[in-house]
Amino acid sequence: MSTLTELHVGETLKEIQLEPVSRLDLIMYAGASGDFNPIHTIDEEAKKAGLPGIIAHGMWTMGNLAKLFTSYYEEGFIQDYSIRFKGMVFLNDIITLKAALKEKQENQLRFNVLAVNQQGKEVLKGEVLYHQY
Amino acid sequence: MFKEQIGKQSNKVKNVVERGAVKKFAVAISDAHPIYVDEETGRLSRYRANIAPPTFPRIFDYGEIEGLNLPNKGLIHGEQTFHYERPLVIGEEINCYTKVKNYFEKKGNFGEMGFLLIESYGEDLSGKLIFSSTSTIVISEAVRKVLAR
């Protein structure tokens, strides 16, 4: 898919499968975002919070998901991006990012976007409204 | 405890969309695309500059809302939205502030859950909106009890 204009309703963007989630990924995101909640980086703190282990920042996954659209920057931009955090992402999880065109209205493209783990469970779900120039 | 905060907002804080911060952020979400990090690509693009990833506003300083004390532990991020009038451009200065939009409680699996809706804004220096975002923070009954002490 070279441009979003060529996409028809029901069609999908090329999926992206992320590398297994590593502790370093989450340490880097903590540093880059300023979100130092220790349940994302320190095992004992995650356990104290009742979790089986550290979990990814929801915003890390949401940030990753947006990259499905990055290469189309000359065509338009993400006008609205809304996400519900549905499930936790743990270390070594393999996350796949997906987007499907749901609706096309003039220069507005509405996508369903989704991140699923290796069991096919939805961890993030939402919508992107893409504004074309 | 949160209900009386509805409508309160922070003072505006000036932020800069810093090149180094954008690069670090783009790398952290493994999206170090040239439009975010390569000057030449930015210059040749329709923006004539590099832009920032859509979730980048996470890093800005939005100021403090007086009387709103959120713990850094025990909160659940339930939902998040971003709205853009246009992409953020590297190097630009923006004014950011944040507001308590709503608070309500609802019966859930873990007792009475509290839902706090925080709306944040970024404007150009003339006061024109560039982006807004909403975070829905879920606060369990157990965490609220600790806060009330």
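## Talking through the model

Colleague: In β2(B), which residue is the bridge partner of I83(A)?

Modeller: I83(A) has Q80(B) as its bridge partner in β2(B). A word on what you are looking at: this is a predicted model, where local features need pLDDT of at least 70 and side-chain atom pairs count only at pLDDT 80 or more, while totals for chains, interfaces and linings use all residues. Residues are numbered from 1 along each chain as its sequence is written, and chains are lettered from A and ligands numbered from 1 in the order in which they are written.

Colleague: What makes β2(A) and β2(B) count as paired strands?

Modeller: A strand here is a DSSP run of E with at least two residues, a helix is a run of H or I with at least four, and both are numbered from the N terminus. Two strands pair if DSSP finds at least two bridges between them. β2(A) and β2(B) are joined by 5 bridges, so they meet the rule for pairing. The two strands run antiparallel, and D80(A) has H83(B) as its partner in β2(B).

Colleague: What is the order of the strands in the sheet?

Modeller: The order is β1(A)-β3(A)-β4(A)-β5(A)-β2(A)-β2(B)-β5(B)-β4(B)-β3(B)-β1(B), an open sheet of 10 strands with antiparallel pairing.

Colleague: Why are β1 of chain A and β1 of chain B called edge strands?

Modeller: Each of them pairs on one side only.

Colleague: How many bridges join β3(B) to β4(B)?

Modeller: There are 13, and these strands are antiparallel, with β4 covering residues 111-123. V100(B) is the bridge partner of I118(B), and a hairpin of 2 residues links β3(B) to β4(B).

Colleague: What makes G111(B) exposed?

Modeller: A residue is buried when 20 or more other C-beta atoms lie within 10 Å of its own, exposed when 12 or fewer do, and partly exposed in between, with C-beta atoms placed from the backbone. G111(B), in strand β4 of chain B, has 12 C-beta neighbours inside 10 Å, so it counts as exposed.

Colleague: Leaving aside neighbours within four places in sequence, which residues is G111(B) in contact with?

Modeller: S140(B) and E141(B). Contact means that the C-beta atoms, placed from the backbone, lie within 7 Å.

Colleague: How do you know that the buried residues of α1(B) line one face of the helix?

Modeller: The buried residues of α1(B) are V22(B), F25(B), A26(B) and A28(B). Looking down the helix axis, they fall within an arc of 160 degrees, so they line one face; the arc is that of the directions from the helix axis to the C-beta atoms. These buried residues pack against α1 (23-33) of chain A together with α2 of chain B.

Colleague: How many residues does each chain bring to the contact?

Modeller: Chain B brings 29 residues and chain A brings 28. On the side of chain B that touches chain A, α1 and β2 (75-84) are the elements giving two or more residues, and β2(B) gives the most, with 8. That side divides into 11 nonpolar, 11 polar and 7 charged residues. Here Ala, Val, Leu, Ile, Met, Phe, Trp, Tyr, Cys and Pro count as nonpolar, Asp, Glu, Lys and Arg as charged, and the others, Gly among them, as polar.

Colleague: What is the make-up of chain A in secondary structure?

Modeller: Chain A has 3 helices and 5 strands, in the pattern β-α-α-α-β-β-β-β along the sequence. Of its 133 residues, 36% are buried.

Conventions
Contact = placed C-beta atoms within 7 Å.
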